[in-house]
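Please find below a note for a colleague who is meeting this structure for the first time. It is arranged as numbered points.

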Amino acid sequence: MGSDRRADKRVGVNLPTRWRGVTGLHEGRMEDLSVNGCFINTKGAVDIGEIVSLLIKLPTEKCLPLRGKVVSVQQLVGFSLTFSILDDKERVVLNELVQSQI
């Protein structure tokens with residue numbers, strides 16, 4: 001996850017997250033976030049290219065559902081994904097979340 005590959009500003013966050021992939025429902029923590037991707041700290045297993053559904057608990061106590069594609073995996077640590085399949089409403093809320101963390 002070298003920062004030289006990223007074009008978008010990443011912000012550090014610590015948000016409880018539930019996620020679902022092909023291995024089922026898991027829990028984790030979102031640790032870094034941009035408008036185009038994030039890193040989820042979790043012990044749940046994923047494969048590169050897998051589509052994952054997230055439910056992120058926001059600081060306001062509301063939950064934000066998002067979907068992303070796994071782009072890198074660190075076994076027993078977590079994974080990075082890209083938000084390449086969001087609709088316009090999801091992208092607006094995600095952008096507001098990133099801006100609120102800067």
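Which backbone oxygen lies 2.8 Å from a polar atom of the side chain of threonine 42? The first point gives the reply, after two remarks on the basis of this note. The model is predicted, so local features need pLDDT of at least 70 and side-chain atom pairs count only at pLDDT 80 or more, while totals for chains, interfaces and linings use all residues. Residues are numbered from 1 along each chain as its sequence is written, and side-chain values use heavy atoms, with hydrogens and water left out.

1. Threonine 42. The backbone oxygen in question belongs to glutamate 27. Threonine 42 is located in the loop between strand 3 and strand 4; helices (H or I, at least four residues) and strands (E, at least two) are DSSP runs, numbered from the N terminus. With a relative accessible area of 4%, threonine 42 is buried. Here buried means under 20% relative accessible area, exposed over 50%, and partly exposed in between (1.4 Å probe, protein chains only). Its side chain also makes a polar contact of 3.2 Å with the side chain of tryptophan 19. A polar contact is a pair of N or O atoms within 3.5 Å; within protein, one must be able to donate a hydrogen and the other to accept it, and residues adjacent in sequence count only if both atoms are side-chain atoms. Not counting residues up to four places away in sequence, threonine 42 touches Trp19, His26, Glu27, Gly28, Leu76, Val77, Gly78 and Phe79, where contact means heavy atoms within 4.5 Å.

2. Strand 1 and its partners. Strand 1 pairs with strand 2 in the antiparallel sense over nine bridges; two strands pair if DSSP finds at least two bridges between them. The two form a hairpin with two residues between them, and tryptophan 19 has histidine 26 of strand 2 as its bridge partner. Strand 1 is also joined to strand 4 (residues 51-57) by four bridges, again running antiparallel, with serine 53 as the bridge partner of arginine 20. The covered face of strand 1 holds Val11, Val13, Leu15, Thr17, Trp19 and Gly21, whereas Gly12, Asn14, Pro16, Arg18 and Arg20 make up the uncovered one.

3. Strand 4 runs antiparallel to strand 5, to which seven bridges join it. The hairpin of strand 4 and strand 5 leaves five residues between them, and glutamate 61 in the turn has a positive phi of about 80 degrees.

4. Helix 1. This helix (residues 88-101) has 14 residues and reaches 20 Å from its first C-alpha to its last, close to the 20 Å expected at 1.5 Å a residue; the expected span is 1.5 Å times one less than the number of residues. At the N-terminal end, aspartate 87 caps helix 1, with a side-chain oxygen 3.2 Å from the backbone nitrogen of lysine 89. Which residues of helix 1 are buried? They are Glu90, Leu94, Leu97 and Val98. These cover an arc of only 95 degrees around the axis, which puts them on the same side of helix 1; the arc is that of the directions from the helix axis to the C-beta atoms. Asp88, Lys89 and Glu96, on the other side, are exposed. The buried residues pack against strand 1 (11-21), strand 2 (24-34) and strand 5 (63-74).

5. Leucine 94 counts as buried, at 0% relative accessibility. Leaving aside neighbours within four places in sequence, leucine 94 is in contact with Leu33, Ser34, Val35, Leu66, Phe83 and Leu86. The largest nonpolar core has 23 residues, and those with the most contacts inside it are Met30, Leu33, Leu54 and Phe83. The largest share of this core, four residues, comes from strand 1. A nonpolar core is a set of buried Ala, Val, Leu, Ile, Met, Phe, Trp, Tyr and Cys residues joined through side-chain atoms within 4.5 Å.
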